[in-house]
Amino acid sequence: MSPSDTNRVTPDTLLAMKKAGEKIVSLTAYDAAFACLLEAAGVEILLVGDSLGMVLQGHDSTRPVSLEHMIYHAACVARASQRALRVVDMPWHSYDSPEIALASARRLVEEGGAQLVKLEGGGAVLEQVRRLSAAGIGVCGHLGLLPQSVESPDGYRVQGRDPEDAAAIRADALALQEAGASLLVLECVPAALGAEVSRALRIPVIGIGAGVDCDGQVLVLHDLLGVSPGRRPRFVQDFLAGRGSVEEAIRAYVRDVKDGRFPGPEQSY
Ligand code: KIV
């Protein structure tokens, strides 16, 4: 164990933060330079998201991202990261069955340095989550808007608005926790549902467009810096606008999440 290992953020650190009511800060990272910068600014979770397919590769969805791409970017982040927890997305079709999921996740851990792997969905992936957990691989669930299931640009819509959908999201969240997930990302749901799911779960819930009462927040780094191509979703704030440097923008985001100022009502549903 190197001296820095003792300060590492682990799933237990995040559980303790949730219990203490301290907000958890996460951002996407796809390379070494930003991994360093984000850690220095106090970001606790580096998410190597398959959003890289859109912001780095120029695709109009996350579906073209391959396991090789994810391993490449996860390893870039891992080489630079000393402290934050590294969560790496499992790309589309890399977890179609429990066997495929286990083989893919092992590569993300062994070659990409992932500490948790993230997969999208509820009931359809519970067996995969059980299999990964049983093999000692940490899992982060992802509910609400599921980017890998979006088939056209107008599919990026708020989820869980009607009571039946909200109940399904609540039930899936509990089922993922029981299957062994140690973290949950909840995307693009009404703030009231974000609050309810966060209260109901033992594990931390990290919101993106899910309101200020989630246990933590995540954004796509390029959205926070205002450099993402295309339409900006309501839940995004450009933290670079009016600030002098990228570092200042990231520090402002960390501060605003910690203080419960981000997201405000104008970034919530
Ligand atoms: O791929 C990604 O960046 C994500 C976030 C949107 C949560 O999954």
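Sorted by class, the residues that line the largest cavity comprise eight nonpolar, one polar and no charged residues, where Ala, Val, Leu, Ile, Met, Phe, Trp, Tyr, Cys and Pro count as nonpolar, Asp, Glu, Lys and Arg as charged, and the others, Gly among them, as polar. A cavity here is a set of points, on a 1 Å grid over the protein atoms alone, where a 1.4 Å probe fits but cannot get out, whereas a pocket is an open set with protein on both sides within 12 Å along at least five of seven lines, and lining residues have an atom within 4 Å of a point.

This is a predicted model, in which local features need pLDDT of at least 70 and side-chain atom pairs count only at pLDDT 80 or more, while totals for chains, interfaces and linings use all residues. Residues are numbered from 1 along each chain as its sequence is written, and side-chain values use heavy atoms, with hydrogens and water left out.

The structure holds one cavity of 30 Å³ or more, and the volume of the largest cavity is about 50 Å³, a volume being the space filled by probe spheres set on grid points that are joined across faces, edges and corners. Its lining is made up of Ser-26, Ile-45, Leu-47, Val-87, Cys-140, Leu-183, Val-185, Ile-206 and Val-218.

The ligand takes the space of the largest pocket, with more than half of its atoms within 2 Å of the grid points. About 830 Å³ of space lies in this pocket, and among its 37 lining residues Met-54, Tyr-156, Glu-187, Asp-223 and Pro-233 lie nearest the centre. The lining has 18 nonpolar, nine polar and 10 charged residues.

The second largest pocket has a volume of about 210 Å³, and its lining, which includes Trp-92, His-93, Tyr-95 and Glu-120, divides into five nonpolar, five polar and two charged residues.
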